[in-house]
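Here's a quick tour of one protein model, with an eye on its aromatic side chains. Have a look at it first, then read on.

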Amino acid sequence: MSDIERAEEAHGQPGSTLAKPEGGVPDRFENPGLPPHRHRMGDTDPQAAKRAERQVAFFLLLSIVGSIGIIVSIVGIKYNGDFDRVSWSTKAIGLSMFLSLFALGVGAVHWAKTLMPDDERIDMRHRQRGTTAEREEAVALLKEGAAEAGLGRRPLIRNTLIGALALFPIPAVFFFRDTGPLPGDDLSTTMWKEGVHLTKDPEGGRIRAADVTLGSVVHVLPEGIEEVDHPLNEKAKSAVLIMRLEQDLLSEKQNEWGVDGTVAYSKICTHMGCPVALYEQQTHHLLCPCHQSTFDLTQDCKVIFGPAKRALPQLPIAVDDEGYLVATSGFHEAVGPSFWERG
């Protein structure tokens with residue numbers, strides 16, 4: 001019988017050993033054991049241990065200072081429209097955060113390296129769930145480890161660690177506070193209301209209903225948008241497209257809310273808020289170039305392809321006494337992406 005056959009025959013049988021190959025090399029080796037334990041200065045010298053304890057406490061105190069510095073940087077350096085003030089605030093917050101995290105990490109590592117037990121132990125493999133006695137032994141080992149960590153005997157480290165960990169998450173509260181007031185209904189309202197004229201984007205100027213030809217598309221903004229406090233925010237919500245189609249292609253609602261086949265729809269995609277800026281004249285489809293959501297203009301801008309889940313909202317329009325297009329009301333539903341309150 002060959003060595004391989006003897007090995008296969010012996011494989012998996014408790015207590016069996018493989019055949020000794022030629023040359024006299026044993027199949028099993030004696031356990032080499034662990035190298036002799038090297039004691040650290042803190043293990044044998046109480047003064048060195050006390051010195052290491054003070055060093056750990058020093059780093060934890062630095063972490064506390066860093067956490068307080070984050071709060072002071074957020075509260076003390078107010079934004080007043082000056083770019084330099086923003087720069088100083090960002091640098092102060094970043095340096096304070098670095099100090100808080102770095103000192104906490106160094107303190108923890110130094111504590112583990114100099115004061116926590118570093119004995120190497122061997123734990124033999126056993127069943128996944130131990131016996132009651134083994135489980136009690138495990139609990140006892142955990143308690144022993146907690147005792148050996150020295151939290152009870154080293155109140156300086158314990159107290160500074162509690163202080164560092166207690167203060168560390170507090171700056172997050174100020175970060176959330178610094179994000180500004182709650183949006184209220186800003187996400188669901190726009191500048192459009194009854195009587196607001198439609199103007200061309202970007203050149204400006206009111207739009208005559210007679211100037212909108214079949215198959216054309218015009219990018220539109222509400223009149224006076226440049227005069228509001230945050231025109232870019234308003235443009236991101238109030239941008240509109242107007243198109244003119246044959247009236248028999250439109251639904252009853254579209255003809256009611258439109259003017260002689262001219263209809264107005266939000267330009268903001270209901271998926272991720274990208275501009276729906278592409279219009280296919282032959283198919284009467286509006287296309288979002290970001291993620292290819294496609295809306296059918298002849299079906300009330302229903303989604304026919306892509307990740308968007310809602311149709312584009314329609315803006316009711318009419319013609320004033322001078323022949324210019326005006327809104328008869330705002331949007332009847334929120335524009336833009338669906339968020340948590342919209343489902």
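## The big picture

Keep in mind that this is a predicted model. The protein has nine helices and eleven strands, and 33% of its 343 residues count as buried. Take the contacts between residues at least 6 apart in sequence: 59% of them join residues at least 24 apart.

## Rings in pairs

Searching the whole structure turns up two aromatic pairs. One is Phe58 with Phe59: the ring centres are 5.6 Å apart and the planes sit at 65°, so this pair is edge-to-face. Phe58 has 47% relative accessibility and counts as partly exposed; Phe59, at 23%, is partly exposed too.

Then there's Phe98 with Phe102. Here the ring centres are 5.2 Å apart with the planes at 15°, and since planes under 30 degrees apart count as stacked, that's what this pair is. Both residues belong to helix H4 (residues 83–114), where being four residues apart separates them by about one helical turn. Phe98 counts as exposed at 51% relative accessibility, while Phe102 is partly exposed at 46%.

## Arginines over a tyrosine

Which ring does the charged end of Arg208 sit over? It's the ring of Tyr324, with the charged end 4.4 Å from the ring centre. The charged end of Arg206 also sits over the Tyr324 ring, 6.0 Å from its centre.

Notes: Residues are numbered from 1 along each chain as its sequence is written. This is a predicted model: local features need pLDDT of at least 70, side-chain atom pairs count only at pLDDT 80 or more; totals for chains, interfaces and linings use all residues. Side-chain values use heavy atoms; hydrogens and water are left out. Helices (H or I, at least four residues) and strands (E, at least two) are DSSP runs, numbered from the N terminus. Buried means under 20% relative accessible area, exposed over 50%, partly exposed in between (1.4 Å probe, protein chains only). Contact means heavy atoms within 4.5 Å. Rings of Phe, Tyr and Trp (its six-membered ring) pair if their centres lie within 6.5 Å; planes under 30 degrees apart count as stacked, over 60 as edge-to-face and the rest as tilted. A charge sits over a ring if NZ of Lys or CZ of Arg is within 6 Å of the ring centre and within 35 degrees of the ring normal.
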